[in-house]
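Hi,

Here is the model I promised to pass on.

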Amino acid sequence: MLRYLTKRLMLLVGIVFVISVGSFYLIHLLPGNPATVILGFGATPEAKAILYKQLGLSKPIYLQYFVWLGNILHGNLGVSFISQTTVSSVIRSALPIDGEIIILSQIMAFAAAIPTAMRSARKPDGIIDRVLGATSFTLLSIPPYILIVVLVLFISIKLGVSGTGPSAYVSLGTDWITNLESLSLPAFTLATVSFVVYYRILRSDLIATLQEEFITMARSKGISQRRIMWCHAFRPSSVALLGAASVNIGSLLAAGFVVQYLLQIPGLGYTLILAINESDFLVVQGIVLTVSVLVVAINFFFDFVINMVDPRISRE
Amino acid sequence: MSSFSLEEAELMVEKSEKGEPLGLFFWICVFWIGLNVFGAIFANVLPLPNPLNENFNAINVGPGLHHLFGTDDLGRDIFSRIVYGSRVSITVGIGAILIGFGVGAPLGMLAAYRRGRFDSFLTTIMYVLLAFPAIIATIAVLSFWTPRSLFKIIVVIGVASIPLVYRVIRTATLSVATKDYVIAAKVQGATDRRILMKELLPNIAPIAVSFFLIGVATVITLEGALAFLGLSVNPPTPSWGNMINEARTVLTQNVWLAFFPSLALCLFLIALNFIGDRIRSHFDVTEVKL
C-alpha cells in the first residue's frame with residue numbers, strides 16, 4: 001500500500017511538472033511579443049515593467065520558466081490587466097461557485113444512478129432495464145450545451161420560473177435559497193451528464209458481480225435481495241463507480257463552463273471565457289493552471305479512496 | 001457523448017453488451033450518417049440558398065415552404081446553414097480522430113506486440129499525458145494560439161486524442177497477441193510485419209472501428225462546445241455549435257433557431273454512437289460465440 005502510494009505520488013509530481021511547463025509555454029503561443037499582445041500597444045512603461053518582472057521576459061526562455069514558477073509557488077499568478085486585481089483573487093472568488101455546482105450535481109447524480117442501476121441489474125433485459133438503457137443511450141448523445149438551452153427555454157422562459165434564467169445568479173452568502181434556485185438548472189444539467197455514465201457503468205458492473213460465487217453463497221444462506229445488493233454486491237462494484245467519477249471530473253468542469261457561460265454565472269468558466277474574449281491572458285493562464293492541477297489532485301485522491309475500498313488494486 | 005471526454009468513450013467501448021445482431025435501426029443510422037455526409041460534401045452543388053445571404057425582409061420566419069426550417073435573426077436560411085454547418089463538424093470530427101489513430105494506433109500495436117522497455121516507456125508517457133484534462137488543455141491552447149482556424153482546431157483535438165487511442169489499441173492488441181495462433185505464426189517464422197498486419201490487425205479492427213466512430217461523435221460534441229463558447233471557427237461561417245451559440249441571444253424571439261441545429265447535432269451523434277456500439281457488439285467473438 002505504502003509502496004503503491006509513493007509510486008503514485010511520484011507520478012503525480014511528474015504530471016504536475018508537465019502541466020506547469022505546458023501552462024508556462026501557453027504565453028509563448030501568442031503571436032508576437034507577449035508583452036505587447038497582453039498589454040496592448042498603448043501600455044505604460046510601468047505596466048510593462050511589472051509584466052516583465054512577473055514573466056521574466058528579459059531572460060532566456062528556460063530561465064523564464066523558473067522565474068514564473070517561483071512566482072507561482074509564492075501564490076503570485078500575476079495581475080489582470082483589465083480589472084487590475086490579482087489573478088489569484090479572481091480565481092478565489094470564482095472557484096467556490098464551480099465547486100458548489102459540481103457537488104450539487106454529484107449528489108443528484110449518485111442519488112439517481114445507484115437505485116436505478118440496482119433496479120436494472122436485478123433483472124437484466126427486463127422491461128425496466130430496456131427502457132432505462134434506451135433512455136440513457138439517448139441522453140448520452142445530448143451534449144450539455146443543448147440540454148441547458150432546452151431547460152432554460154422550457155423552465156425559465158415558457159414556464160416562467162423566476163430566478164432560474166440567465167444572469168439570475170445570487171451568491172451563497174446573500175441568500176442561500178435564491179442561490180440554490182439560480183444554480184438548479186446548471187446542477188441538473190451536470191447531474192444528467194454524470195447520471196448517464198454512472199448508471200451504465202454501475203449497471204454492467206453489478207450484473208458481473210451478481211454472478212460471482214460469493215453472491216450465490218449469500219443467496220443460498222437466505223439473505224434478502226436488498227441486503228445482498230447493498231452489503232455484498234455494491235462494495236466491489238463501487239470501485240468502478242468511483243473510477244468513473246474520477247475520470248468524469250475533467251469533463252464535468254468543462255460542462256460547468258458551458259452552462260455558466262449561458263446563464264452568466266460568475267464561476268471559473270464564465271470568467272475564463274470573458275478573459276479569453278478580452279485577451280486577459282494571465283487570467284486565462286492562471287485558471288488553466290489551477291483547474292488542471294485541481295483535476296489531477298482530485299484524481300489522485302480518488303485513487304486513494306478506491307484503494308481503501310478495494311485493497312487488492314495496490315497489490316497488482 | 002453527453003460529456004466531451006474521450007475517456008468516457010473508452011469506457012463505453014469496454015462496457016457494451018456482446019454478440020447482438022445489427023438490426024434495422026442500425027441501417028437507419030447508417031443511412032442517416034450517409035445522408036449527412038452526402039449533404040456536407042455536395043452542399044454547394046445542391047439547390048440551397050447561400051447560407052451567408054442576409055435578407056432583412058424575412059427575419060425570424062418560422063418553418064415553411066419557402067424556408068424549410070425558417071430564417072434566423074439576419075434573415076439567413078436555417079436549413080442551408082445547417083447543411084453547410086455539418087461540414088465543420090464532420091471535418092473536425094474525422095480529421096482529429098484520423099490524427100489520433102494515425103499516431104496512436106501504430107504505437108499502441110507495436111508497444112503491445114514488442115512489450116519490454118519500449119512498451120513501458122511509451123505507456124508511462126501516455127499515462128502522464130492522459131492525466132492532463134484534455135478538454136481544458138484544448139480550450140487553453142486554442143485561446144492562446146490565435147488566430148483560430150479549422151486546421152488548428154483539428155490539430156489540437158487530434159493531438160489530445162493520441163494517448164487515448166494508444167491505450168485502447170494497446171489493450172485490444174494485448175489480448176490478441178498472446179493467443180495461440182499468433183504464437184503459431186511466430187514459430188512458423190512469420191515476419192513481424194506479417195504478424196502485425198495479417199494476424200493482429202484484423203482481430204482488433206472491430207474495436208478500432210467502433211472506437212473510431214464513437215471518437216468522432218465525441219470530437220463533434222467537443223467542437224460544438226468550443227463553438228458554443230466562441231472558440232471554434234469564426235462567424236459568419238456556420239457550424240452547428242456556433243448556430244446554437246447565436247440562437248442563445250434570441251432564445252425568446254426565435255425558438256427554431258436553437259431547435260434545428262440542436263436536433264441535427266443530436267440525431268447525428270445518436271446515429272454515430274449507435275453504429276459504434278453495435279459494430280463492437282456484433283463483431284465481438286471473445287465470449288459469446290466461442
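First, the housekeeping. This is a predicted model, so local features need pLDDT of at least 70 and side-chain atom pairs count only at pLDDT 80 or more, while totals for chains, interfaces and linings use all residues. Residues are numbered from 1 along each chain as its sequence is written, with chains lettered from A and ligands numbered from 1 in the order in which they are written.

Chain A is assigned domain 1 (2–73) and domain 2 (89–315); such bounds come from an automatic or database domain assignment. Their C-alpha centres are 32 Å apart. In chain A, 11 residues of domain 1 are in contact with 11 residues of domain 2 (contact: C-beta atoms, placed from the backbone, within 7 Å). On the domain 1 side, helix H1 (residues 2–26) of chain A gives the most, with 8 residues. Helices here are DSSP runs of H or I, at least four residues, numbered from the N terminus. That side divides into 9 nonpolar, 1 polar and 1 charged (nonpolar: Ala, Val, Leu, Ile, Met, Phe, Trp, Tyr, Cys and Pro; charged: Asp, Glu, Lys and Arg; polar: the others, Gly among them).

Now the two chains. Their contact takes 50 residues from chain A and 39 from chain B. H10(B) gives the most to chain B's side, with 8 residues, and that side is made up of 24 nonpolar, 11 polar and 4 charged residues.

What about the core? The largest nonpolar core has 163 residues, and those with the most contacts inside it are Ile148(A), Tyr198(A), Leu202(A) and Val258(A). (A nonpolar core is a set of buried Ala, Val, Leu, Ile, Met, Phe, Trp, Tyr and Cys residues joined through C-beta atoms within 7 Å; buried means 20 or more other C-beta atoms within 10 Å, exposed 12 or fewer, with C-beta atoms placed from the backbone.) Helix H10 (residues 225–263) of chain A gives the most to this core, with 18 residues. Both domains of chain A give residues to the core, so it lies between them. Beyond its neighbours within four places in sequence, Val258(A) is in contact with residues including Ile148(A), Ala225(B) and Phe228(B).

Lastly, two non-glycine residues with positive phi. Asp125(A) has phi near 70 degrees, sits in the loop between helices H5 and H6 of chain A and is exposed. Arg115(B) has phi near 55 degrees; this residue is in the loop between helices H3 and H4 of chain B and is also exposed.

Cheers

How values were computed. Two residues are in contact if their C-beta atoms, placed from the backbone, lie within 7 Å.
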